[in-house]
Every structure is written in C-alpha cells, then in structure tokens.
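My notes follow in the order I looked things up.

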Amino acid sequence: MQRDAHSALTVGLILGGALLMAVLDLGTAATSALHVPDFVVSLVGKYLCYAMLALAVDLVWGFAGILTLGHAAFFALGGYAMGMYLMREIGARGVYANPHLPDFMVFIGWKELPWYWFGSNHFWFAMILVVLVPGLLAFVFGFLAFRSRVTGVYLSIMTQALTYALMLAFFRNDMGFGGNNGMTDFKDILGFPVSARTTEVGLMLLSAAILAAQFLLARWLVRSRFGQVLVAVRDAESRTRFLGYRPESYKLFVFVLSAVMAGIGGALYVPQVGIINPSEFAPGNSIEAVIWVALGGRGTLSGAILGAVLVNFAKSWSTTAFPGLWLYALGGLFIAVTLFLPRGIVGSLAAGLSRLSQPSAAPLAVGARPEPACHAAPEPAP
Amino acid sequence: MTEGNRGKGRRLGRLLLLCLGFALFRPAPAAAADPFAGLASPDFSRIEQAVEALAASGNPRAAALIDALAANRLYTWRWPRPDNGLFIKEPDGGFVAARTGEKIATPPFPVIRPVIVNDMVRSAIEAARGMLDLLSPALAVRGKAAEALFEAADPASLKLIDVALARERNPGVRRLLLEAQAAARLNSAATSIAERIAAVKVVAGRGDLPARALLASLGSAPSPVARAAAAAVHQIDRTLALWNVLETVYYGISLGSVLLLAAAGLAITFGVMGVINMAHGEIVMVGAYTTLVVQQVVAATFPAFSNESLILSIPAAFLVAGLLGIVIEQTLIRFLYGRPLETLLATWGLSLVLIQTVRSIFGPTNQDVSSPAWMSGAVHLGGLTLTLNRLWIIAFTIATLALLMAVLSHTRLGLSMRAVTQNRRMAAAMGIRTPLVDALTFGLGCGIAGIAGVALSQIDNVSPNLGQSYIIDSFLVVVFGGVGNLWGAVVAALILGIVNMVLEPIAGAVLGKIAVLVLLILFIQRRPRGLFPVRGRAVEA
Amino acid sequence: MGQKTEEALVGLDGLKLGRREFGGLGMGVAAAAATLGTASLVSRAARAAGDKIKVGILHSLSGTMAISEAPLKDVMLMLIDQQNKTMGGVMGKELVPVVVDPASNWPLFAEKAHELLSVEKVAAIFGCWTSVSRKSVLPVFEQLNGILYYPVQYEGQECSRNVFYTGAAPNQQAIPAVDYLMNQVGVKRWVLAGTDYVYPRTTNKILEAYLKQKGVNSADIMINYTPFGYSNWQSIIAEIKSFGSAGKKTAVVSTINGDANVPFYKELGNQGIKATDIPVVAFSVGEQELAGIDTAPLVGQLAAWNYFESVDTPANKKFIADFKAFVKNDKRVTNDPMEAHYIGFNMWVKAVEKAGTTDPTSVIDAMIGVAHPNLTGDFATMMPNHHLSKPVLIGEVQANGQFSVVYQTPGLVVAQPWSPYLPESKNLIGDWLPPMSCGNYDVVAGRCLGRTQKS
C-alpha cells in the first residue's frame, strides 16, 4: 500500500511539476511574478532527460548489480539517431542551401548521403533507430559479456572502453556524423520550429510523460517476479544459477531494456539542448550518471531521478553563481554523500522512515550489504 | 637532404673556399666598401648576403659580429640612418660599437632595435661558423663539419674536401669526408659518369635517410647515374623497412612503458587493494607539479644543479604523492572498505577537488618543466633513432617496477601487504596492524603514481588536465593484465603499446586506438579475468 | 519587477519546505527542484538592475579548454574595469561583468548563453573558443538576438548576423603563412598535420586547394590527423622526417590543437629536427602555448597570427603592462585572442555610443564600419561580413618564448569567411549591410541562401 503511494507520488510530482511549469510559462505574462522563463523550461526538459539516463543506470546497477560506466553511450546513440532526423528536417535551409545533404557533408565534399543515413528523413524511422541502435549495441555487448561471465570491475572497465571507442569513432569526420562539431542548428521537429516556446514546453511535457512511463515500467518490472530474480542475481549470482535460473538471460534483458530507455532519453535531449556531439560519449559522462544514482540512492528508482535532477541543477546553478569554485562544491558533495549518506538520499531517508515505523520488506537497501571486494577471490578461469 | 640544406651547403662550400683562400694565399684585404652594411638592412636576404660576405671578408670583428647576431645581441638604428650603425650588447648590458669594438658611453637604447634573424639567416650563420670547423683540432667538430658537407653535396666544396682529406688522419672522419666527396661529385657536372656511379655506391653504403634523400634527388641526372641511384634508393628503402619494424617495436615498448608507469600505482591501489581510485590520474598530476616546484626551487637556490633537479624530483614526488595518499586513505578510503564501488564516487569527487586546487594554485595554463640536457636529443643505433627521453623513461620504468616487486616480495611491509589483502582477518589475527598496512599500501601506490608524474612531465603537458588523459588507459592496463597481478600489468602494457604502434601507421592514430579498444573488449570476452587471473577457490569474485 | 520576483522567491521557498516533508517518502522531485532553480536564477537577475550595463563572459574556467580560455576571462575583466575607471563605463552607465563557467561542455555553453541572454539580460557576450562551442551557442544567439564576440582564429564557412568574428579567417592566417614559406623559404613539399576536427580539416582543405592551384603535386602533400590531446608522436614525426628526405625543402603546416602541441614539439626537438631542416608553421601555437614548453629546441619554428606580444608599439607595451598589473603576475603572457577581445570590446563600446543604446539590433547595425587601432599598429575595421581587416604577422620562436616578426603582410587583409578555394563556398559572400543583409549570398545565383535577418 505504502509502496503504491510511492509510485503515485513520484509520477504525480513529475507530471504535476511539469504541467505547472508549462502553465507558468505559457499562461502568465512575462512580467508576472509567477512567470517561468523559457530558458528554465528547456533546462527542466534537459534534467528530465538526464533523469531517464539515471533511471536506466539504476535499473542495471541498482537491481542487476551491473556497474555500467558506459551508459551515456546509449544515451548519445539515441541522441544521434534523433539528430540525424533533425538534420534532415533542415533541408535546404542550411548555409549551403543543399536540399539533400546536411551542411557538414557538403563541407567535407560528399556528393550523396551515405547508406546509413537512409530513411533518416522520416520521423518514424528515426524513432525506430532510437530504440534499435542502442538496443542492438547493448544486445551484442551484453550477449558476449554475460555469456562469458564477465563481471564486476572487468565489466565496468569494458563498458568504459566501449564508450571511449565510440567517442573516438564519432570524433572522426569521416564517420559521416559531423565529427567534433556534431549536429546542431536544428530548425524543425515534425514541422514545429524547435526553438519556439510552445515546442519547448511541449518537449518538456513529453519528456516528463515519458519519464513517468519509464519509471512505472521500471517499478513494475522490479516488483515483479522477474525483478526478484534480478535482485537475487545481484546479490548472489552463482547461487541463483545453482537454483536453475539463467542469470545471463536476466541480465541481458534488463541491460538491453535499460539501453533503450537511455536512448529514448538521449533522443528527447537533443532537440532540447540543440546540439549532439561526440563529447556526450566521454567516459566522464557515464561516471557522472552513476554518481547521480549513487547520490539519489542506488536501488531506489525515484532516488535515481532525484539524484540526476539535483546534481544537474547544482551544476547549472553553481557554474553561474561561483564559476571559479563550483568544482569544489560538486566534488565535496560527492565525497560527503559517500561518507555520510552511503545509501544515497532516498535510500537513507527510506531506511530512516522504516526504522521509525515498521521494517519494510522492500528490496531497496543496497548500501547495507557489503559487496565483495573485486579482487578477493575470482572464480577459476573457464 | 633538402634543397634548403643544399643551399646551405653551397654557401658553406663557397665560404670554405674563400676561407681557405685566406689561409693559403693571404690576398689583400677585401676591397668592398663596407662589409657590415647589409646587416642593418630590414631585408632578410640582404642580411644573409651580408653574413656570407662578412665571414669571407677575414675581418677580425667578423666572429664577434656573427656570434652577436646569432644570439640576438646585434642592434641597429630603429629608423635607418646613412651610417648603418651597428652595436653589440655585451652580457653586462653595456653596448660596444660593432665595427670597432669600442665601448659606447651612453647606450643609444631607445632608438635602436635588435637585428632580427630568420631561418635563412640562421642557416647562413651556421654555415659561416661551420667553415672554421673543418680545420678544428677537435675530432667531433671536424666530424660534424664533414657530415654537414655531405648533406650539402655541393660540387664547389670538392677542392676543399681534397685539402681536408690530405690532412685528415682519423679514419672515421676520413670516411665521412669520402662520403661528402662522393655526394659532391654526384652533383658535379664535371665528374665523369663512371665516377658518379661509383659515388652512388659510396653514398648508398650509408644506407640512411640523408643518403636516400640525396639519391632520390638525382632523377634528372644522366640516365645511367639516375638508374644506379634509383636502384640504390630501392635497396635503402628495403633496409629501412627492416629497421622500421624494429623502430615500431621500440616505439611500442616506449609507449608501453609510459602506460605501465602510469598504471603501476593503480595496480597497487586498485589491483591489490581493490580501491577504484578515480583520483589516480590526479595523483600523477601532483607528481608532475612536484617536479615543477622542485625545478623552480633548485633554479632559485642552486642554479648550478638545475640539470640534476629531476633526480631530486623523484624522491620528492614519491614523498608528496605518498603522503597525500596516506592522508586520503585516513580521511576517506578507510571508511569505505568493503564498499569498493563507493570509493569510485568519493575518489571521483576527490579528483574534481584536486584538479581545481591545482588550477587555483598554479593557474589553468601549461607549466614549463624543462628537460635536463642529458635527457634531450637522440642516439643513433644503426637505422634507429632512439630519443633519449624515451630511453630514460623505459629504464626508469624498469627500475621502478623492479623496486616495487622487491618491496612486495622481499620486505616485511610487502609481506604484510600481501597478507592483509589476501585475508584481512587472518592477517589481523596473526598480529598484523591492518589499518597501518592499509594506509602504507595506499601511500605506496600513490607514491608510485607520483613518480610516474615525474616521468610524464618530460613528455606531456604539465597542466591540471594531465591526469585525465591517463586514467582510462591505466584502468585498461590493470584490467587487461588481470586485477591484482603486477606481472599481468607489465605484459598488458607492453602488448597494448606495441599493438597500438603497429596499427597506427596502417590505420591512422584514431582508428588504431579504436581497434585496440575493440580488440580489448573482445579479448575480455574470451578471458573474463584478464591475461593472468589470480586463481582461487571461491566461485564468485 | 525586482520586488515582485523577490516575493515569488519567498513563495517558492515555502514550497521548498513543503518538499522536504514529503521528501521523506523518497521522492524524485524534478519539478520542485527546477522551480527552485527558476526562483534563484530570476532573483539573481533581479538583484542587479538599475543604471548598469551587463556584459557576459562565456569562457570555460574548468575542463580541458580552461588552459586557453581562462586567461581571456582575465582580459575581459581588465577591459571592463578600465572602461569603468577611465571612462565611467559606457554612456555614463557602469559596466558589470557576468562571468559564468561553461566548463568545456558544449551543451552547457548553449545553456549558459541562453541564461546570460534571457535571464541576466546582458548587452553583449564575449566568449567561446572551440568551433563546437560557437556552433552550439549560435542558434541561441540567433533566436534571442544576442551579440557574440568570438575572438579566436577559426575555419570560416560561417557568417551570422549575431556574431562578430574578431579572430582570423583562414585567409588572414593560413594563406599568408604558406605564401611566406613558398616564396621566402622555398618550400616545395608540405606536411599538413592537424588534430582531427573541423578547424584543421577546413584549413587543410583550403590549403590543399590553394597549393594545388600554385602547382604543387599531390605527391608532395602529406596530410595527417591525430586525435585530441595526442601525446605519442614518435612514429608520426619519424614519418614526417622520412617524408622530408625526398630531396625537396619540406615544411610542416601545423593545425595541431592545444594539449597535443607540447608533446609534439618535445618529440620534434628530441628527434633532432631543427627549424632549419624542416620548419613548422603553426596556427594554434601562441605565447600562451609556448609558456608550457622549453623553447630552446624550437628556436626558428614559425607561427602565423595577427598579433604577437613582442611587437614593439606603445599601445602594446601599455596593454601588456596593464594586463600583468591586473592579474598581479609578471609571468603571464598576452596573445592573439586577447588582442581580438581588446579590439572587439572597444568596438562594442564605440558602437553602443554610436547607436546610443545597447539594443542588439541597433548595436549590430552600428558595428559595421567601426574602426579601432590594433595593438600592433594600424586600424582594424569591422567589415560588413562581421569580420575584421587585420595585418598578418609571421613570427619565429625565440629562446625566451616570444616570437620575433619575420614577415608582415604589406597592408591589411580583409577576411573572407567563405573560402574562394573551396567549391561549395566559392560563390558565397557575407554582407550585413542593406540591401543585401545576408550571411551567405550566392553571387552567381544572385540570391541569399537563407541566413537573413530575423524579423
């Protein structure tokens, strides 16, 4: 009962907050005290997309025990798929007025679109790519890795290598994705001008709705029988295997699902920030996503969302408020949370609450269980 | 051999002849109006001619003037005046009149400007100085001059070479002179075809890049010579291709040693202790900045030992980084044992703080850590060019690793470290003070990272971002080798280095690196515990 | 308005307290945090109202680009401070700098630009360094009609109404440098080495077309790209060395960026390649970059810029002395982008005074034709294509880390943002004066390709 309230409250806050923002932006005069500037709307939209990434990371790390340090790669791939569509929407409005080719291709002297851009002018096709590309990459990577039982820190570093390799690849101009400059200067999405106020509000509302849907899906998943097996895999993979489950299948499924969720986040992110470039693949971005989750509370889905929003808000605010010192504040925050709130904000609060009322059966508390040191006793080589 | 070099050489030949002329025949002093006039010109080609003329003039002030010009100590009027005034700034700050060497009482400072030299003038200066070198009593100087004559390959120098050959007794320099002679003959229209073909053989005998360049430039020579030269070029290319393989291996080893050095500290803190230390790169950076500080302190207090400050930096960086490591362990890491993934979060935060601290203290820009003389330059080994700084780093890496292994396997501290990491409770039961050992182990790992910073300061930027560029590679090395295995890290770093350098010329630097990463990912699928897994009986890691 | 916003802040603070209560249930509170964000951002804007003009400074103070960008922030602070002290601001109003840190993060650049323009309501922004950061903020400036002064040499192929490009276009840096090497040094064989991103790619493409037009064989051109921050130069330099051993004078034209330069030059020095053997002319190496290198082995290597710290003019002497005094550090150096900001800032002041307002539309129109003395002598003039006319200087590295000028273009060079050497841009020009008012006008087709004034 109490946990249903949890979901309802999270979803209600996401949707209610977003609606409130929308009303305060569109429905009030610019001089009104209650007016929310457009700038804040797109900022909130951006946070919501990051929250999707955090949710995806929490699903695999918090519930399946896969510490991914490369999830931003899926986010960026989704973003690139959307970026391709947005580039094609520019049409002949680019600086060279070429009706078929994006500016950066005209510029590197290409005469026709490469094959992998085929169909990117259709929105529905781009949406398929948004789901398919991250999903496929996650499937191939996960299939190989989980089948050969690459676990723990080995897996983490490999995900890092994956996103690093992708970053280097997308930096190359010859890849046909715009190199370091990436894709930018978008005009329309589905015929609506991207920088129009109403489009920005619409995208923000859409992000909120999709985030809420993703949250509900994840919540349903982890509370289902599937989710319980997942937690069992997280806590004792071998024991689960001996009981007759196939941990690799469970992990693969959740890994692919989470990659798709991150990809959708990326796709919504791009029209709202107006640029996608290879630095989205930077290994640091993936590590940061993990940190959002840790800060909010690993294994608590709402904590992941809270962590993403809080950290990014802190970043937005402090880079303007004290531009020379904000790294101290952010670094200090991470250290302080680790030392004093080992279960993250939501995890600690939940633990505090349940201590006050009655012990909860929720499979939330991750930080409580000491994890085995990665070096301690590896399994024999196959 | 480039045309520029040849131009330089032609000039050198001309000068040498003139000089020899003076030495042998003592003609009347040059009658030219003012051999110095052109030096005051704003036009580089006039300055260049003036330097040549000056060197040939036999004027007793020539050497002083040319030296002053080379050192940017030659001044002229800021606005041209008919007397073409030239002044030399003495090291004490005073001025002398360039033509006479007399001291000037009131320095004409505000109305004069230094005479600027560019590459062309600098070549002329080099040639003018080199002219005297062929007759120098010092063997090395003569050898260098002969080598310059070879690169010049100027027919005008043939007579001079004959004179020098007649005097030269040292076989090494003689050989160089003979090669120079052959090179000059190749470009001389007066030499017979047969002699020139013989010269091709002599030049080809060197088998190096300058010889190849010279032979490759003979395309327009009479066809038998050109054919012989083309065949020789082909031959040299084949030899060079062989050397190239060796060179690639050397580059690979050198890259591998840099990777290994950067990863060695992590192999302790992460590999042995299991702390996912994201601030590792920043500890390396602290080591590099320690090098900077030591260098500045030494330069300020004992300038005579500036060349040796790097040696002093090694223990200094070890101590600074090691102490920093112990402080980090005591204030942060020790609360997180048993929660390795959370060390990731805390040390990531720590890395942000360290970067910003260094940026606040030293500023965001690159710092100049100069290389000592004994680390600059290169040695030539057959067809290989081995740069000294890389050689030293390879040696340094080997020494560091040897020392580290000795500490781990032959000291009481090493024994305790291994005991604690293998079975903490048992070790504690045996009376080992595990908290102390933890702190010392982390300090040791950080200290090693610090001395890696000393080495990296010699080949990379010393900036707050230094650490960030090595952190991923360091983790890859440790994981590829097998966490907890120092030898694994050694082999992994070497393999990564060599594979990278082999792929680079084939695929380009970017694709090569991508290929290495993909190969690594695939390899880990085959061996999920790295190259050398630590074996144990437990099922789960 | 300020008053009302303060009230809003109080109201929203109430909401913050409320949030804490149900935060106990462990809620993800996107909306509440963001609403708080609004409140704090808006209140900041409200606090600095009154008779002041705000100037935005958008340079990375952290992250990889801080090395280059952070010193530009200092220059801007100094210029604004001087303007306030000596002239009492602009039009009698005090100038207030608003410094933000986009942290070398490209989406953050766009976010900060948006914030500066729409929340802080700055009159103009001085900022950006990399091309990608400029591309990232460009739509924001065009949408909100802001003014950006971009101080860095860049690849061209862009001409926005809302941007004033005070750095060099390729024809103000690369082509004179190649001319110098070709005509004065007699270079016949060319290595175009660059970091793999758009500036080197474009510059090298322009240079390749230019060299071929001058009769250079493709076999005599070697093009090489390396990733950002590349540090393992051994094999590439060995390759350059053997490329240079083909019997023709060889030079390297380097568009290697930032961090990769120090290891590049160190390796060059160690492999014994001197400027007299294979000269290297660089477009991204200035006094700031040399400050991190031991320059002894580099003496004679070349760089092409529109400004060198060593240029001996009274204006430059004063600028350098002022800067050193302002940052209270005698060791700091000045460089080309700093001069670009110096020119850009003074031009902005003149344009504001000319227009009598800080309204962007009027200032943008007033900017064209404004002239200001360069620090190296002569006048820079803002052209209708929003670029400057500049002198081009070629300098050789000296042992003291400075450059000595070995060549200077006889007159000023007018920027060509659209390169005439590239097929896709050879028909394009930019001209923001009426009646054309177009950033990409196709002179052959006789029409504007789209970058017109937003109405």
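Predicted model: local features only at pLDDT ≥ 70, side-chain atom pairs only at ≥ 80, totals over all residues.

**Chain A against chain B**

I started with charges and found zero salt bridges between chain A and chain B; the rule wants a side-chain nitrogen of Lys or Arg within 4 Å of a carboxyl oxygen of Asp or Glu. Residues are numbered from 1 along each chain as its sequence is written, chains are lettered from A and ligands numbered from 1 in the order in which they are written, and side-chain values use heavy atoms, with hydrogens and water left out.

Polar contacts came next, and I got eight residue pairs between chain A and chain B, both residues at pLDDT 80 or more. A polar contact here is a pair of N or O atoms within 3.5 Å; within protein, one must be able to donate a hydrogen and the other to accept it, and residues adjacent in sequence count only if both atoms are side-chain atoms.

Which helix gives the largest share of chain A's side? H6(A) does, with 11 residues. Helices H5, H6 (152–171), H9 (237–242), H11 (283–296) and H13 (326–340) of chain A each put in at least two residues. I take helices (H or I, at least four residues) and strands (E, at least two) as DSSP runs, numbered from the N terminus.

By class, chain A's side splits into 40 nonpolar, 11 polar and six charged residues. Ala, Val, Leu, Ile, Met, Phe, Trp, Tyr, Cys and Pro go down as nonpolar, Asp, Glu, Lys and Arg as charged, and the others, Gly among them, as polar.

I also noted that 57 residues of chain A are in contact (heavy atoms within 4.5 Å) with 57 residues of chain B. The two chains bury about 5100 Å² between them, 73% of it on carbon and sulfur atoms. Buried area is the accessible area (1.4 Å probe) that two parts lose on being put together, summed over both.

**Two domains in chain C**

The assignment, automatic or from a database, gives chain C a domain 1 (3–167 + 319–390) and a domain 2 (174–282). Six residues of domain 1 and five of domain 2 make the contact. About 520 Å² is buried between these domains, 64% of it from carbon and sulfur atoms. On the domain 1 side, C:Ser131, C:Gln153 and C:Glu155 lose the most area, together 60% of what that side buries.

**A look at A:Phe125**

A:Phe125 sits in helix H5 (residues 123–147) of chain A. Buried, exposed or partly exposed? A:Phe125 is partly exposed because its relative accessibility is 22%, and the class runs between buried (under 20% relative accessible area) and exposed (over 50%), with a 1.4 Å probe and protein chains only. Leaving out residues up to four places away in sequence, A:Phe125 touches A:Phe118, A:Gly119 and A:Ser120.

Most residues other than glycine have a negative phi, and most peptide bonds are trans. A:Ala97 has phi near 55° and lies in the loop between helices H3 (72–90) and H4 (103–107) of chain A. A:Ala97 is buried, at 16% relative accessible area. A:Leu190 has phi near 50°. In chain C, the peptide bond from C:Pro434 to C:Pro435 is cis, with omega near 10°.
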